[in-house]
Amino acid sequence: MTVRFKHWLVAAAGAASLVATGAALAQAAFPSKPVTVVVPFSAGGPTDVVARLIAVPMGKALGQTVIVDNALGAGGTIAAAKVARAAPDGYTIFLHHMGMSTAPALYRKLSFDPLKDFEYIGQVVDVPMTLLARKDFPAKDFKELLAHVKANGNKVTLANAGLGAVSHLCGLLFMSQVGVELTTVPYKGTGPAMNDLLGGQVDLLCDQTTQTVPFIKDGRIKVYGVTTHNRLASLPNVPTLDEQGLKGFEVKVWHGMYAPKGTPKEVIDKLNAALKTAMADPAVVKRLGELSSDIPSADKMSPEGLKSHLTAEIAKWGPVIKKAGIYAD
């Protein structure tokens, strides 16, 4: 081996070492600037409420501000694609609900793959839903609601947050079980849908407790039932839809946090630790309890737990959506 070649090997090894050291230092320094969590729905909607609730304690744990960015459209797929294309450095992350698992069946063409284009940070929160009506809707209870929708059919309007949103899926399940086709009114998020329900422009809405509990308690909307098998501690006098005759009716909205594919494990670990710290924050625990939302177990709040759950949910919802024949171009 010549002296010149030996010098080249030493120089190459030194350069490689510097690159590796630089990458390690960059990861060790994470985060050195604010982190943006992209939310696929409008400000004031239930997913946005969750994001803003945990953003401050996550930021404290990371030592940087966590900014919420609302990227609306196409049932969350615009925001998902935005994050999938973002730099895999941990500074752009994604909070989405179960719509992440329904998109592959709902959309014939997706610019991202939920199982291949993301790293997983962890599950965040499980949220029940409520079946609601405008304050002056004529039916005083669920029995009267069933009679009214069966008598009036598509004269009754049912709002949702857009194709594939959980409010849309919950409404589809409701119509399927009662055997009535209502007139659906899509919005760009449940925030605007709720505003129109409060204003009396639409009749019904199925929405998450993170948004609905305060309006129910102050009497600004009517509630006909909750979508879990058991009653909620925050709404003990509101019956479940299951106990009122819709046997087996259950919709509980899970949420997950993601990062672009290729984000270093060291960065994912820091984000996961910050998420767990935020979910253990007393103010967060108290507020989620008031909203009847459940904090996942430690194993579900892990990257592996989220990946496993997402995989199972894609397998669960795919056949349901395909059977209903619901598609978006």
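Helix axes are lines fitted to C-alpha atoms over the stretch in contact, and angles run from 0 to 180 degrees between N-to-C directions. By this convention, the axes of helix H2 (residues 46-62) and helix H9 (residues 265-279) come within 8 Å and cross at roughly 125°. The structure is a predicted model, in which local features need pLDDT of at least 70, side-chain atom pairs count only at pLDDT 80 or more, and totals for chains, interfaces and linings use all residues. Residues are numbered from 1 along each chain as its sequence is written, and side-chain values use heavy atoms, with hydrogens and water left out. Helices (H or I, at least four residues) and strands (E, at least two) are DSSP runs, numbered from the N terminus.

- Contact (heavy atoms within 4.5 Å) is made by Ile-54, Pro-57, Met-58, Ala-61 and Leu-62 of H2.
- On the H9 side, the contacting residues are Lys-270, Leu-271, Ala-274, Leu-275, Thr-277, Ala-278 and Met-279.

**The enclosed helix H4**

- Helix H4 (residues 99-106) is largely enclosed by the rest of the structure, because seven of its eight residues are buried; buried means under 20% relative accessible area, exposed over 50% and partly exposed in between, with a 1.4 Å probe and protein chains only.
- The buried residues of H4 are Gly-99, Met-100, Ser-101, Thr-102, Ala-103, Ala-105 and Leu-106.
- Their cover includes helix H3 (77-84), strand S3 (92-97), strand S4 (118-134), H6, strand S9 (252-260) and helix H11 (303-324).
- Thr-102 counts as buried at 1% relative accessibility.
- Not counting residues up to four places away in sequence, Thr-102 touches Gly-164, Leu-169, Trp-317 and Ile-321.

**Strands S5 and S6, and helix H6**

- Strand S5 (residues 157-160) pairs with strand S6 (residues 183-186) in the parallel sense over four bridges; pairing requires that DSSP finds at least two bridges.
- The chain runs from S5 through helix H6 (residues 166-178) to S6 in a right-handed β-α-β crossover, meaning that the path is clockwise when the strands point away from the viewer.
- Within H6, Val-166 is buried, with a relative accessible area of 4%.
- Leaving aside neighbours within four places in sequence, Val-166 is in contact with His-97, Met-98, Met-129, Gln-208 and Val-253.
- The C-alpha atoms of Val-166 and Met-129 are separated by 9.1 Å, and the two residues are 37 residues apart along the chain.
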